[in-house]
Amino acid sequence: MTDRLAWGILGTGNIARQFAVGVHASRRGRLGAVGSRTIEKAREFAAAHRIATPHGTYQALLDDPQVQAVYNSLPNNLHHEWTIKALRAGKHVLCEKPFAVNFAQAREMFDAAARAGRVLVEAFMYRTHPLTHAVIEAVRGGAIGRVRLIRSSFCFKVSRWQNNIRFDPSLAGGVMMDVGCYCINFSRLFAGEEPERVQAVHHRHESGVDDVAAGTLVFPGGAIASFTCGMSVHADNTASICGTEGYVEIPVPWKPPASGATFTIGRSTPPKMESASAKPAPPARETRTIVVDGDLYGMEADAFASTVLDGAAAAVSEADTLGNQRVLDEMRGQMGLL
């Protein structure tokens, strides 16, 4: 467990900054280099995050022999091109969500990883957090019976949308790509299967992208999922999983706090015990607190390092990513955005 993966970061935006902080807090990673479109931006980022080697082009980062793994934080429309280039350069790649612009691109990226013999994983950081693991264990352990309804929300309000990549159609922007993909991934995760029908509605922003959207997924096993997402509106950003015997409430599912992450299991009111010796029924509502030791993005980096260095299962599998991309394609197609 002493091995550390040498990271290079493609891009210098906000998510790259968060990941850089996480790698410094990780147990199995170290920051070696950063690549930007200009050497000035690379140097600025490197100085802020204690990175030894700044590169003034993306290709220079890929050519750096000290870099073992690349974190691709570039705009959505560049994921396909630069992930494949990184793989061909012999690097493992953690690619930010949404993985690709469409399913065909995603398939090509995984094919390139297979040919290169390198690890490629989509970066859904919430999937590596102990809170998510605890909820999975509770639900799959039968705490709420059979899952029938999944609800989630992921919204935020951008104060200035001009020059924001999320609002640029040419960069594959839009709320469904930015955060709706989380809700789709969450829904599929807890349904435990792929949907047989999906439907999406949206509001079109003046920039041409979807800025508010809602979706439903119907699963063959009987579960139904609904979600709302927006980047020009506020919401509670919670998630819940409802079953035949109870429900789970997750107040902060996407970016849980560094300490004190919680979820609540609610159940039907327990029947009265017939005798004093009867086994006590579980409480009607039980809030569980998850002890967290680490940074969210550091956990993501460590999970990826375990896959590369130890052969551990990826936090998000190839099949999972391709399944998410299929749903994104269908929903964006219905919205006239694909």
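A cavity is a set of points, on a 1 Å grid over the protein atoms alone, where a 1.4 Å probe fits but cannot get out. Its lining residues have an atom within 4 Å of a point. Grid points are joined across faces, edges and corners, and a volume is the space filled by probe spheres set on the points.

The model is predicted: local features need pLDDT of at least 70, side-chain atom pairs count only at pLDDT 80 or more, and totals for chains, interfaces and linings use all residues. Residues are numbered from 1 along each chain as its sequence is written, and side-chain values use heavy atoms, without hydrogens and water.

**View 1. Cavities in the whole structure.** A search of the whole structure gives three cavities of 30 Å³ or more.

**View 2. The largest cavity.** Its volume is about 80 Å³. The lining has 14 residues, with L94, V121, T128, E300 and A315 closest to the centre. Strand 6 (120-123) and helix 8 (296-310) each give two or more residues. Helix 8 gives the most, four. (Helices, H or I of at least four residues, and strands, E of at least two, are DSSP runs numbered from the N terminus.)

**View 3. The second largest cavity.** This cavity holds about 40 Å³ of space. Y126, L131, T132, V135, F186, F190, I250 and P253 line it. Helix 6 (130-140) and helix 7 (175-191) each supply two or more of the lining residues. Helix 6 has the largest share, three residues.

View 4. In the largest cavity, 10 lining residues are nonpolar, two polar and two charged. (Ala, Val, Leu, Ile, Met, Phe, Trp, Tyr, Cys and Pro count as nonpolar; Asp, Glu, Lys and Arg as charged; the others, Gly among them, as polar.)

Key: 1 Å grid on protein atoms, 1.4 Å probe; cavity = no way out; pocket = protein on both sides within 12 Å on 5 of 7 lines; lining within 4 Å.
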